[in-house]
Amino acid sequence: MTERPTPEPMSLALRAALARGLTTRRTLVTGALGLGATAALTACGSEGTGGSASGSATRTAAAAEDMSDSEKVVNWSNWTQYIDVSEDESTRPSLDEFTKQTGIQVNYTEDYNDNDEFYAKVRPLLEGGEDTGRDTWCSTDWMVARLIRQGYVQPLDKANIPNAENLEASLTDVEFDPGRKFSLPWQSGFAGIAYNLDATGGAKVETITQLLTDPALKGKVTLLTEMRDTVGLVLCEQGKDPANFTDADFDEAIAMIQKAKDAGQLKGFTGNDYTDGLTKGDIAACIAWTGDVVQLQFENDKVQYALPQAGFTLWSDNFVIPALAKHKKNAETLINYYYDPKVMAQVAAWVNYIPPVKGTKDVIAADDPETADNPLIFPSEEVLSRAKVFRGLSAEEETKYARAFSDLTAS
């Protein structure tokens with residue numbers, strides 16, 4: 001990307017953005033929605049029993065003998081470009097420090113490119129009662145709901161994660177995992193509206209209604225292929241709660257989008273490949289993710305962002321521990337390490353998403369006040385009060401809604 005003049009001293013966030021370009025955690029997210037499986041997992045070993053998600057019975061996750069005490073290793077799968085790296089990109093400082101402190105070697109693999117793609121890799125093993133070769137990974141909320149429902153993840157032992165008390169209050173009791181028995185967030189973000197002032201003639205775009213109906217934007221609007229964010233924002237605009245909606249509510253949201261599509265308002269549906277078009281002005285306005293926009297603004301300060309007053313979606317990618325993981329305690333030790341505000345600050349300054357750990361902002365503010373003041377990275381309580389988490393879906397709902405959204409997004 002083209003570098004803008006660098007202020008002195010260079011902020012942590014800017015230094016990180018320039019080091020990695022504009023590749024983000026969602027670069028490869030396609031938004032495709034799998035139908036899911038409902039097979040039970042059976043295997044030997046101790047078992048934990050979970051609560052329900054989305055009103056569905058939760059299956060029991062199997063546990064293997066924990067080899068953590070004798071094998072000082074933990075296997076972590078994560079999304080690409082989603083952790084701090086050194087300026088020459090040769091090391092991951094926070095991981096190196098974890099190993100130094102604990103003696104636990106981390107096999108960190110960036111093989112989580114898409115929720116459904118990853119699920120397709122691990123499901124046959126989980127369904128067959130086999131170890132996935134992974135001790136933890138980071139799944140998006142709705143996928144966590146599916147994994148809990150199918151009994152494919154184990155309850156967390158909070159005795160091994162005392163820093164879990166640092167979890168931000170707004171993320172402590174989510175619908176898909178009440179009480180956070182099975183998951184803890186790694187990073188969070190909003191879906192809202194991004195726009196290019198050059199392409200809008202200097203006009204702000206601050207509501208979904210404006211996005212979908214303003215003649216000045218006709219043919220230059222994109223929506224996300226991620227159903228939960230696109231439909232979730234429309235539900236908010238219609239006065240509905242994405243955490244508690246009916247089939248009729250969903251159908252009304254689809255109808256509003258279909259009307260805009262039929263009127264020629266939409267340029268199309270995208271993953272976060274909207275970034276190039278938005279920067280150039282080929283896309284005037286779109287539904288976008290906060291982390292992308294924070295980075296785009298280093299390249300083009302005409303790119304602006306709005307979080308609609310009617311509400312917007314909040315998503316998290318969450319640590320989970322799969323059934324039959326061989327190093328469960330080591331995985332919990334890793335999670336606990338990242339829930340230290342000083343450690344999470346290293347990550348937050350690099351990835352530019354919302355850190356889930358209380359106290360992170362204070363740590364960053366001491367070195368980088370500009371990043372600490374960015375409301376897209378550290379939102380206020382008022383902003384968080386308008387954020388909505390899309391509820392977990394039953395297997396039947398997931399199939400039905402995916403089909404309806406697929407029909408809508410087809411060209």
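Predicted model: local features only at pLDDT ≥ 70, side-chain atom pairs only at ≥ 80, totals over all residues.
I noted a volume of about 110 Å³ for the largest cavity.

I then listed what lines the largest cavity. Its lining has 12 residues. Closest to the centre I found Asp-141, Trp-142, Arg-228, Trp-315 and Phe-390. E11 provides the largest share, with 3 residues. I also sorted the lining by residue class. It divides into 5 nonpolar, 2 polar and 5 charged residues.

**Helix pair H11 and H12.** I turned to helix H11 (residues 341-351) and helix H12 (residues 360-367). Their axes come within 8 Å. They cross at roughly 65 degrees. I checked the hand of the crossing and recorded it as right-handed.

Which residues make the contact? From H11 I listed Pro-341, Lys-342, Met-344, Ala-345, Ala-348 and Ala-349. From H12 I listed Thr-360, Val-363 and Ile-364. By class, the contact between H11 and H12 holds 7 nonpolar residues, 1 polar and 1 charged.

**Salt bridges.** How many salt bridges does the structure hold? I recorded 17. One that I followed up joins Glu-110 to Arg-92. The closest N and O atoms of this pair are 3.9 Å apart, which puts the pair inside the 4 Å cut-off for a salt bridge.

I located both partners in the chain. Glu-110 sits in the loop between strand E4 (105-109) and helix H3 (115-127). Arg-92 sits in the loop between strand E3 (73-77) and helix H2 (93-102). The two residues are 18 residues apart, and I noted the pair as a link between distant parts of the chain.

Definitions and conventions: Residues numbered from 1 in each chain as written. Heavy atoms only, no water. Axes fitted to C-alpha atoms, helices over the stretch in contact; angles between N-to-C directions. Helix = DSSP H or I, 4+ residues; strand = E, 2+ residues; numbered from the N terminus. Left-handed = near helix turned anticlockwise from the far one by under 90°. Contact = heavy atoms within 4.5 Å. Nonpolar A, V, L, I, M, F, W, Y, C, P; charged D, E, K, R; others polar. 1 Å grid on protein atoms, 1.4 Å probe; cavity = no way out; pocket = protein on both sides within 12 Å on 5 of 7 lines; lining within 4 Å. Points joined across faces, edges and corners; volume = space filled by probe spheres on them. Salt bridge = Lys/Arg side-chain N within 4 Å of Asp/Glu carboxyl O.
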